[in-house]
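Please examine the structure shown below together with its sequence.

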Amino acid sequence: MKLNLFLAVALALCVACGFLIRPQPSRPNVEFLPEMVRTAAYKAYSANPNFLDGKTLQAPPPDTIPRGFHPVDYEATETGAIRAGEELSNPYTFEDLAAFTRGAFVFRTWCVPCHGGAGRGDGTVAMRGFPAPPPLTSEKTLTLKDGQMFHILTYGQKNMPSYASQVSEDDRWKAILYVRSLQRSAQATQAPAPQPPLTPSPSGQEVRK
Ligand code: HEC
């Protein structure tokens, strides 16, 4: 009898609660722990009372590096670039089609605006007044080692800004692979046209047909 009474009261309570928190389109529903439903969001540059320095954007703790980031141990100088050229090599080769395709994508996204589609230094930005880069197919660029190019993409060089924050380390190597392919195809088209074989003339001298 007592148990039945208890169950009846419990049931009545459940029904009452269900009625109280029923969804009503005309007004907002009951929220349990509203702070968890709607967290107080701070904008990156807004003041923030939760931190000692009152800022939202916190500097990373000293001596830490972001996950996936690999520090490049070279000074942003020409000597640093030369040392990078001697010590670093591209982990990707032309056999790796996925890397090559990605490199083409990276180049078209980040480099074409200045360097142009074929690397001739005739990108839109260069055509509109930005100091035009030298053709990536020039003799000088051909002699740059992969590591030197990596240094240029990482730290910039004269008028070319650093692309370290936009293009990941991995993507930088892939873009370099693509630059090499542009150089190769430019060299292939510049090569002297193949000559026909020499045949002896009636006078005994060899002439070209
Ligand atoms: C804002 C325009 C701009 C963008 C974008 C740009 N570059 Fe450059 N780049 C330059 C300029 C200008 C130079 C010439 C710098 C100098 O005078 O030494 C240069 C130089 C270079 C060189 C060295 C050429 C040499 O012979 O010294 C390489 C390699 C290079 N860029 C590759 C790239 C790659 C790869 C990208 C894309 C990730 C890229 N650049 C994006 C403007 C740009």
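What is the geometry of the site of the iron atom of the ligand, with its six donor atoms? The site is octahedral, with angles of 86 to 179° among the six donor atoms. Six donors count as octahedral if opposite donors are over 155 degrees apart and all others between 65 and 115. This is a predicted model, in which local features need pLDDT of at least 70 and side-chain atom pairs count only at pLDDT 80 or more, while totals for chains, interfaces and linings use all residues. Residues are numbered from 1 along each chain as its sequence is written, and side-chain values use heavy atoms, with hydrogens and water left out.

From the protein, His-115 (NE2) and Met-160 (SD) coordinate the iron atom at 2.0 to 2.1 Å; donors are N, O and S atoms within 2.8 Å of the metal (3.2 Å for Na, K and Ca), and sites may look incomplete because water is not among the atoms. The two residues join distant parts of the chain, being 45 residues apart: His-115 belongs to helix α4 (residues 97–115), and Met-160 to the loop between α7 and α8. Helices are DSSP runs (H or I, at least four residues), numbered from the N terminus. His-115 is buried, at a relative accessible area of 11%, whereas Met-160 is partly exposed, at 21%. Here buried means under 20% relative accessible area, exposed over 50%, and partly exposed in between (1.4 Å probe, protein chains only).

The ligand is surrounded by 21 residues, and the closest are Cys-111, Cys-114, His-115, Lys-140 and Met-160. A residue belongs to these surroundings if one of its heavy atoms lies within 4 Å of the molecule. At least two residues of the shell come from each of α4, α6 (139–143) and α7, and α4 gives the most, with four residues. An oxygen atom of the ligand lies 2.6 Å from a polar side-chain atom of Lys-140, and a polar side-chain atom of Gln-157 is likewise 2.6 Å from an oxygen atom of the ligand.

Two loop residues deserve a separate look. Asp-63, in the loop between α2 (34–37) and α3 (78–87), has a positive phi of about 65° although it is not a glycine. Asp-63 is exposed, with a relative accessible area of 85%. Lys-158, in the loop between α7 (146–155) and α8 (169–190), also has a positive phi, near 45°, in a residue other than glycine. Lys-158 is exposed, with a relative accessible area of 85%.

Key. Four donors count as tetrahedral if all angles lie between 85 and 135 degrees; four count as square planar and six as octahedral if opposite donors are over 155 degrees apart and all others between 65 and 115; anything else is irregular. A polar contact is a pair of N or O atoms within 3.5 Å; within protein, one must be able to donate a hydrogen and the other to accept it, and residues adjacent in sequence count only if both atoms are side-chain atoms.
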